[in-house]
Amino acid sequence: MSPSQIKPDFSWSAVDTILLDMDGTLLDKYFDDHFWEEYVPKIFAAENGLSDQEARKELLLRYQSVENTLQWTDLDYWSEQLGLDIPELKCKVDHLIQVHPYVVDFLKYIKSIDKTVHLVTNAHSKTLEIKLRKTALGPYFDHIVCSEEIGYAKEQPEFWIKLHDLLQFDRERTLLADDTAKVLHAAKQYGIGVLVFVARPSSRLPVKHSADFPSVVFFNELIPQ
Ligand SMILES: [Mg+2]
């Protein structure tokens, strides 16, 4: 059973900088889940004379072996590993890339109260390019940072030290929203002041709140009424 919701409790006047994750936080993770768990195995199966089920099993094992690392998000790594053109395959199903409800309202709101907003993502630059082209969210951000630029994944403590060197924010007065608890734990350890867990990363999966962090289902919960 999902833990009950801990409601975010902070004042916008205590926040200067907002760091937002992309996949699952701003965008529907259904695209990524479908792409890696259904679409790629199907193509891989056809290319290698396997059943869809065999291919899925094989690929899930390969995915798990690089979980929480930069390799996991590296499209060039997967193109080479699987002998497929992964960026091209992503473009073929890009109609599934969707912005979560209320995200644009939220981005407009935080710009209206003059906050600095950065997109901070583990996504590979090629994924980022496809998604920003599709969603047109790019202009809302002061900076867009990919983990590959930093050299560490957001789950790793070093990421936060390097991100701070790059963006120079007051960590106590910074808010991070992310749908990965491990990322929030790493950010908490670094001293990020306000942490928000996104409890509905995929439109096709049930809401799951965090027992450790305040959470929201949709970003309208962070817009004062
Ligand atoms: Mg995410």
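## The sheet and its surroundings

Reply: β2 and β3 pair in the parallel sense over four bridges, where two strands are said to pair if DSSP finds at least two bridges between them. This is a predicted model, in which local features need pLDDT of at least 70 and side-chain atom pairs count only at pLDDT 80 or more, while totals for chains, interfaces and linings use all residues. Residues are numbered from 1 along each chain as its sequence is written. The strands (E, at least two residues) and the helices (H or I, at least four residues) are DSSP runs, numbered from the N terminus.

As a general point, the strands of a sheet pair through backbone hydrogen bonds, either parallel or antiparallel.

Further along the sheet, strand β4 (residues 174-178) runs parallel to strand β5 (residues 194-198) and is joined to it by four bridges, with Leu-175 opposite Val-194 in β5.

From α10 the view extends to another helix, α9 (residues 157-167), which packs with α10 at an angle of about 60 degrees, their axes being 9 Å apart. That makes α9 oblique to α10, since angles under 35 degrees count as roughly parallel, over 145 as roughly antiparallel, 65 to 115 as roughly perpendicular and the rest as oblique. The crossing of α9 and α10 is right-handed, a term used if the near helix is turned clockwise from the far one by less than a right angle, with anticlockwise giving left-handed. On the α9 side Pro-157, Phe-159 and Trp-160 meet Ala-186, Ala-187, Gln-189 and Tyr-190 in α10, and this contact has six nonpolar, one polar and no charged residues. In that classification Ala, Val, Leu, Ile, Met, Phe, Trp, Tyr, Cys and Pro count as nonpolar, Asp, Glu, Lys and Arg as charged, and the others, Gly among them, as polar.

For the wider setting, the domain assignment, which is automatic or taken from a database, gives domain 1 (12-28 + 98-222) and domain 2 (31-95). The centres of the two domains, taken over C-alpha atoms, are separated by 25 Å. Between them, 17 residues of domain 1 are in contact with 13 residues of domain 2, contact requiring that the C-beta atoms of two residues, placed from the backbone, lie within 7 Å. On the side of domain 1 that touches domain 2, α7 (125-135) and α8 (147-150) each supply at least two residues, and α7 gives the most, with four residues. The residues of this side divide into four nonpolar, six polar and seven charged.

Key: Axes fitted to C-alpha atoms, helices over the stretch in contact; angles between N-to-C directions.
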